[in-house]
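Dear colleague,

Please read the notes alongside the coordinates.

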Amino acid sequence: MLHDAAMDSQIFLWFFACWVFVNSTSALNKETEIVPQHRIQKRGAEYMEALMENYEGHINSGCTSNETRKIFGKLEETMLKAHFLGSRLIINYPNIQTSIYRINRTEFKGLTINSTDLVEYDASRQSQHSMCFPKALMEKAQRTPAKEMRLICIYLKASCLFQDKQNRSLLNDDILGASLGNVSVANLSKPVVIKFFHNHSLGNFSKTCVFWVEGTGEDNLGEWRTEGCETDASQESVVVCKCNHLTYFAVLLQLSSESLDEKLLVPLTYLSDIGCGISASACFITIFLYLFTRKPYHDSTTKIHINLLGALFFLNTSFLISKTLVGHPWWCSILAAFLHYSLLCSLTWMAIEGFHLYLLVIKVYNSYISRYLLKLSAVGWGFPGAIILASFLSMQNVYGQYDIKTGSQYKNTPMCWITSPILNHITFAYVGGTVFFNLVILVIVVQKLRQLRAHPLHRPKKHTCKDVGTVLGMTFLLGTTWMLVFMSFGVFLVPQIFLFTIFNALQGAVICLWYCFLRCHSASKHSPGFSQSSGL
């Protein structure tokens, strides 16, 4: 009897040991559940796999179905509700991979997800990528009552679902998305770091980290934007994106023209800011002195100069503050529109200066025009306003954040400016037309000045300096230095950029000095050429 009891005890202990071993092994396997294409456990996960299989079919067919985005939306909802065992669930298909992570809100210390950690990772079909979530991710979940949350990550190799109006290209066609439950995550104190690996030679392309914004218009097309994301493409085989929010991310590829070394950006920025500051101050002082020392004999020429200085003051001032409102989309768009308006007004008044010079020096006779200044003001201030209004009515998203890109590390410098390529081309054409018209006027005036100096009664050496000063003053007055914008190619790129920056940033200051010089010598009658041009 005792022997039988001992045997029963041994059998019981043996079965108990087997039960403990089996359950401990199962617990280890359940901690991370890697689900193949045809094995999902629990209610909800089966539906998620069915959606992914359907989604994979739509991708393979070229995203031609209108139902693809709807299916994708249902997939995201299902991932929030799916039941699974363990701390994470991963489902892997060739063109789509989903990962769900259970996160304890109070114990979260950060998380790094790497594509190479996947059991079914296929390097021949899927590009390597990784996402690093900081501890600060839980900042936006403090008010959430639930202790446990779900971090959802989606990898897509299907850029056809995220095409904007420009139909732009993405690096490897890779898109990485992330969301934290139903919490909107933005303005994190520490960014989420997303890495896109590649093995391509992209020396002629600029690489920019972007995120997707769903469309709200009739065509329902979204757009790729850059706010809140920084790009680091200093390494040859990886692009690192640092973004302060969660959504869908990608790397935008754009064929770059002649690139600018990043080291030149700092001195060019200083030159632009200092030059525009000096010009704005000089324009303001000149206008102030004109308004408070005005005399009845001030002629049309002087008033045209003052209008040009006013336009240049608006242009320089709006340019100086264009980088301060980048983080405020609405105000940035308004400032960009005003900056564009100021530029068009400045160019228009330069053309008016050329037209007025033509009447004074070339036509001379029969040049009277009734209500001359009123008509010039209507053109100088009204015509650019009509262009801005037409741009708003005919096109969408024409103003906003514009990124100045460099060629070495593709570090962007944002400012508020034109974002529409069509409007940008129209502005270039406007600059070209103004410069060409005024250049023709300047050449004719110089020839006229030479004819006056060729008279035997004149002594050329005595008036050479004054003639040179007059020509240089008219060069800035007519804005012919803007022709440098069309010389940004080849070996002329770097010198052109510096000369264009210096001349046009200081244009207002030079015009003010030239104007003051002519006012101080308006009574001088040393030469017919100078006396005739002294009122210009």
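**Disulfides and cysteine burial**

The disulfide of Cys332 and Cys416 is left-handed, because the torsion about its S-S bond is about -125 degrees; a disulfide is taken here as a pair of cysteine sulfur atoms within 2.5 Å. Cys332 lies in helix α6 (residues 329–363) and Cys416 in strand β16 (residues 413–418), so this pair ties together parts that are 84 residues apart in sequence. Helices (H or I, at least four residues) and strands (E, at least two) are DSSP runs, numbered from the N terminus. The sulfur atoms of Cys332 and Cys416 are 2.1 Å apart, and both cysteines are buried, where buried means under 20% relative accessible area, exposed means over 50%, and partly exposed lies in between, with a 1.4 Å probe and protein chains only.

Before going further, please note that this is a predicted model, in which local features need pLDDT of at least 70 and side-chain atom pairs count only at pLDDT 80 or more, while totals for chains, interfaces and linings use all residues. Residues are numbered from 1 along each chain as its sequence is written, and side-chain values use heavy atoms, with hydrogens and water left out.

The search of the whole structure finds three disulfides. One of them joins Cys209 to Cys241, with an S to S distance of 1.9 Å, and this link is left-handed, with -80 degrees about the S-S bond. Since Cys209 lies in strand β10 (residues 205–213) and Cys241 in strand β13 (residues 238–243), the pair ties together parts that are 32 residues apart in sequence. Cys209 is buried, at a relative accessible area of 1%, and Cys241 likewise counts as buried at 1% relative accessibility.

The sulfur atoms of Cys229 and Cys243 are 2.2 Å apart, and the link is right-handed, with 115 degrees about the S-S bond. Cys229 and Cys243 are both buried.

Two further cysteines deserve a note on accessibility: Cys153 counts as buried at 6% relative accessibility, and Cys345 counts as buried at 1%.
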